[in-house]
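Dear colleague,

Please find below the structure that I am handing over to you. My notes on what was found in it follow directly after.

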Amino acid sequence: LLPPPVSRAELLKGVAGAHGLLCLLSDKIDTEVLDAAGPNLKVISTLSVGFDHMAMDEIKKRGVRVGYTPDVLTDATAELTVALLLATARRLPEGVVEVINGGWSTWKPLWLCGYGLSGSTVGVIGLGRIGMAIARRLKPFGVKKLLYSGRTDKSYAAEVEGEYVPLDTLVSESDFVVVSCALTPDTQGLCNKQFFCKMKNTAVFINTSRGAVVNQEDLYRALSSGQIACAGLDVTTPEPLPTDHPLLTLKNCVVLPHIGSATYSTRGIMAELSANNLLAGLQGTDMPSELKF
């Protein structure tokens, strides 16, 4: 087994006087860590595409460069999103449980029926690199209409016949709502009671972006009341999600342990890119992937 990530205490102790820091998404790089590192710190390299675990304003103020790993995990995350969507919509985890527990008996017409993509309307919130990769993979399933929302219209959406619409239109018209946006002050808690109330009661909700984009209490109420059909999550707040969390009591909610980029090849490429970002930062040369802010 691989060793677990370092503890907070180890991080604070180990970073003292360091010129470079290689961190994970689970490491909170805040003012306390930066103060513990001291003025020698020149570069932070994170083994992730997301950077909401870092105090970016404070890092910028101190003139510390930041490397991250965009692009390399796009395909893996898109594949996982499609897998999660299909597993949720077609009730695969429920089916596995029925087989194991002896619930599989004679054939019944409506037993374990779910929702299919053919002829459906799919809405993607955030048509960036990953959102576009998801759209490319979903279109061949016979999706009738693909809607997307975000800050701007995307010219490349023409490839998937994507239609740029206001968020309210996307939420109310989509049979599948896929969240693939960055976590920002604008998207924090975006998927709340008002959001879910606008969705169809046959709609499927999927989030593989960041847990904080969703108000989980509102999602629980929407799922348990039948306001929406089902939900699949690869990200939650907090992570890991406590085993007694209400969402885990619902048959119509599939929760995965944040494994969007978890393929052997992707993690290997991420590790190599993170190391090269760190080395370039220490040498004062161009990073392969530097975060500009």
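**Aromatic rings**

Phenylalanine 196 is buried, with a relative accessible area of 1%; "buried" stands for under 20% relative accessible area, "exposed" for over 50%, and "partly exposed" for what lies in between, with a 1.4 Å probe and protein chains only. Please note that this is a predicted model, in which local features need pLDDT of at least 70 and side-chain atom pairs count only at pLDDT 80 or more, while totals for chains, interfaces and linings use all residues. Residues are numbered from 1 along each chain as its sequence is written, and side-chain values use heavy atoms, with hydrogens and water left out.

Five aromatic pairs are found in a search of the whole structure. Rings of Phe, Tyr and Trp (its six-membered ring) pair if their centres lie within 6.5 Å; planes under 30 degrees apart count as stacked, over 60 as edge-to-face and the rest as tilted. With ring centres 5.4 Å apart and planes at 80°, phenylalanine 195 and phenylalanine 196 form an edge-to-face pair. Phenylalanine 196 also pairs edge-to-face with phenylalanine 205, at 5.3 Å centre to centre and 80° between the planes.

Phenylalanine 205 is buried, its relative accessible area being 0%, and phenylalanine 195 is buried at 4%. Phenylalanine 195 belongs to helix H8 (residues 193–198); helices (H or I, at least four residues) and strands (E, at least two) are DSSP runs, numbered from the N terminus. Not counting residues up to four places away in sequence, phenylalanine 195 touches Ile125, Leu167, Val171, Val177, Leu190 and Phe205, where contact means heavy atoms within 4.5 Å. The C-alpha atoms of phenylalanine 195 and alanine 222 are separated by 9.9 Å, and the two residues are 27 residues apart along the chain.

**Helices H4 and H6**

Helix H4 (residues 74–89) packs with helix H6 (residues 129–138) at an angle of about 50°, their axes being 9 Å apart. That makes H4 oblique to H6, since angles under 35 degrees count as roughly parallel, over 145 as roughly antiparallel, 65 to 115 as roughly perpendicular and the rest as oblique. Axes are lines fitted to C-alpha atoms, for helices over the stretch in contact, and angles run from 0 to 180 degrees between N-to-C directions.

On the H4 side, the contact is made by Thr74, Asp75, Thr77, Ala78, Glu79, Thr81, Val82 and Leu85, and on the H6 side by Arg129, Ile130, Ala133, Ile134, Arg137 and Leu138.

H6 is mostly covered, with seven of its 10 residues buried. These are Ile130, Gly131, Met132, Ala133, Ile134, Ala135 and Leu138. The buried residues of H6 pack against H4, strand E4 (121–125), strand E5 (145–149) and strand E7 (176–179).

**Two loop residues**

Threonine 69 lies in the loop between strand E3 (65–67) and H4. Threonine 69 is buried, with a relative accessible area of 0%. Apart from neighbours within four places in sequence, its contacts are Thr46, Leu47, Ser48, Val49, Met270, Leu273 and Ser274.

Leucine 25 is placed in the loop between strand E1 (20–23) and helix H2 (31–37). Leucine 25 is partly exposed, at a relative accessible area of 29%. Leaving aside neighbours within four places in sequence, leucine 25 is in contact with Ser48, Gly50, His53, Arg210 and His258.

With kind regards
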